[in-house]
Amino acid sequence: MCARAAEPADLGEGLLYLRVHSLGESAQALESALAGGRALVIDLRRATANPEDAASFGEALARRNSRAALLALVSPDTPASLAAALGRPPRGALTLGVAGAQPKPAVIVAQPADADRRAYDALDGGMKLGDLVNGKIEKERFDESSLVQEFKNGNGNAAPPPPPDPAKPSPEKAPVLTDRVLQRAIHLHRALAALKAHG
């Protein structure tokens, strides 16, 4: 799963992801994606925009004629002109972002702004989109399933690892980098699709 500038990436289940670095350079891709009628995540967290481009984007949003979800990701770095264009999102559109994002997101995601920025930059730095939104939690305890697995592997003397020695500080694990804003947008789309399917 990759997302190059101005080229939508498929997030699965009918959801597209478009990362916008420059509103002017992405105008054609945005216009096409908004007119396409598919569910769409537009990432505007670090987009640059002049007032004319922001106004054109606002007009393209207003012209959108689709019931499919439109999820706009914003941040404290979203320019004021772009925030103003998102001030009155069309029906079916939601803004998501961390606290302090502009415009104030309809869905505020609990992640520090600096962590959100690092997660955003990681994709541009070559990290895979799937790795950023599918954060895995490592099990830190030796439970029954671990014990069964050890027995299956032929270790009849399986036992939990010894507790850490308080005299020797354990090495710190690097935090798992997760783009929680984009992850929440994907989960929200899945939840809305499930509701429609059962409605």
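This note goes through the predicted model point by point, from confidence to local detail.

1. **Confidence.** The model is predicted, not experimental in origin. Its average pLDDT is 82. At least 70 is reached by 75% of the residues.

2. Two segments deserve a separate mention. Over residues 1-5, pLDDT stays under 50. The model still gives residues 1-5 12 contacts beyond four places in sequence. Residues 136-143 also stay under 50 in pLDDT. For residues 136-143 the count of contacts beyond four places in sequence is 11.

3. **Overall make-up.** The protein has 199 residues, and 38% of them count as buried. It contains 7 helices and 6 strands. Read from the N terminus, the order is β-β-α-β-α-β-α-β-β-α-α-α-α.

4. **Contacts and surface.** Take the contacts with a separation of 6 or more: 67% of them link residues 24 or more positions apart. The accessible surface is about 11800 Å². Carbon and sulfur atoms contribute 54% of that surface.

5. Strand β1 covers residues 9-12 and runs antiparallel to β2. The two strands are joined by 3 bridges. G12 faces L15 of β2 across the pair. Between the strands lie 2 residues. In this hairpin E13 has a positive phi, near 55 degrees.

6. **Helix α1, buried side.** Helix α1 spans residues 27-35. Its buried residues are A29, L30, A33 and L34. These four lie on the same side of α1, because they cover an arc of only 125 degrees around the axis. Buried here means under 20% relative accessible area.

7. **Helix α1, exposed side.** Which residues are exposed on the other side of α1? They are Q28, S32 and A35. The cut-off for exposed is over 50% relative accessible area.

8. **What covers α1.** Several elements lie over the buried residues of the helix. Among them are the strands β2 (15-19), β3 (39-43) and β4 (70-73). Helix α2 (51-63) is also part of the cover.

9. What does the backbone do just after α1? There G37 takes a positive phi of about 85 degrees.

Methods
Residues numbered from 1 in each chain as written. Predicted model: local features only at pLDDT ≥ 70, side-chain atom pairs only at ≥ 80, totals over all residues. Heavy atoms only, no water. Buried < 20%, exposed > 50% of the residue type's maximum accessible area, 1.4 Å probe, protein only. Arc of directions from axis to C-beta. Contact = heavy atoms within 4.5 Å. pLDDT = per-residue confidence, 0-100. Areas by Shrake-Rupley, 256 points an atom, 1.4 Å probe, with all protein chains shown as cover. Pairing = 2+ DSSP bridges.
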